[in-house]
Amino acid sequence: MADTQEVDAKAGDKRAERKAARLARQIDAFGKAHGGAEGQVAYLGERGARIVLVGADGGWGDLVAPTHAIAEEAVRKAGITVHESFDGEFAAKVRTGPYEWSRMAGTQMGGPAND
């Protein structure tokens with residue numbers, strides 16, 4: 001019985017390593033496309049963790065990792081600066097465009113979010 005648990009744990013570790021490496025590659029690609037990147041990792045509860053990325057050009061995006069540990073490993077592998085929270089100078093770097101403004105206005109004006 002112990003042998004089976006050990007094999008399952010090792011397989012789980014390898015899957016987690018592969019997922020962290022895949023996320024790190026995506027973070028790297030985002031950074032290259034946006035002149036560099038910084039991030040913040042936030043818990044999503046049972047869904048895992050959200051990695052919010054902000055590029056040097058103000059572009060932003062996010063990725064979801066299955067666990068907070070995998071998200072932390074991914075940002076470590078990518079070598080980006082990680083902020084404790086999404087506020088202050090870090091949040092001020094985000095540049096929004098017409099799409100984001102129309103979506104925000106839509107929720108305030110009785111748009112899809114209020115259905």
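Guide: Glu38 has Val54, in strand E2, as its bridge partner. Strands here are DSSP runs of at least two residues, marked E and numbered from the N terminus. This is a predicted model, in which local features need pLDDT of at least 70, side-chain atom pairs count only at pLDDT 80 or more, and totals for chains, interfaces and linings use all residues. Residues are numbered from 1 along each chain as its sequence is written, and side-chain values use heavy atoms, with hydrogens and water left out.

Strand E1 (residues 37-43) runs antiparallel to E2, and seven bridges join them; two strands pair if DSSP finds at least two bridges between them. Five residues lie between the strands in the hairpin of E1 and E2, where Gly45 takes a positive phi near 75°.

On to the next pairing. Six bridges link E2 to strand E3 (residues 60-65), again in the antiparallel sense. Arg50 is opposite Val64 in E3. The hairpin of E2 and E3 has four residues between the strands, and Gly58 in the turn has a positive phi of about 90°.

Strand E2 (residues 49-55) is largely enclosed by the rest of the structure, because six of its seven residues are buried (under 20% relative accessible area, with exposed over 50% and partly exposed in between; 1.4 Å probe, protein chains only).

Gln40, in strand E1, is also buried, with a relative accessible area of 9%. Leaving aside neighbours within four places in sequence, the contacts of Gln40 include Arg50, Ile51 and Val52, and also Phe86 and Phe90; contact means heavy atoms within 4.5 Å.
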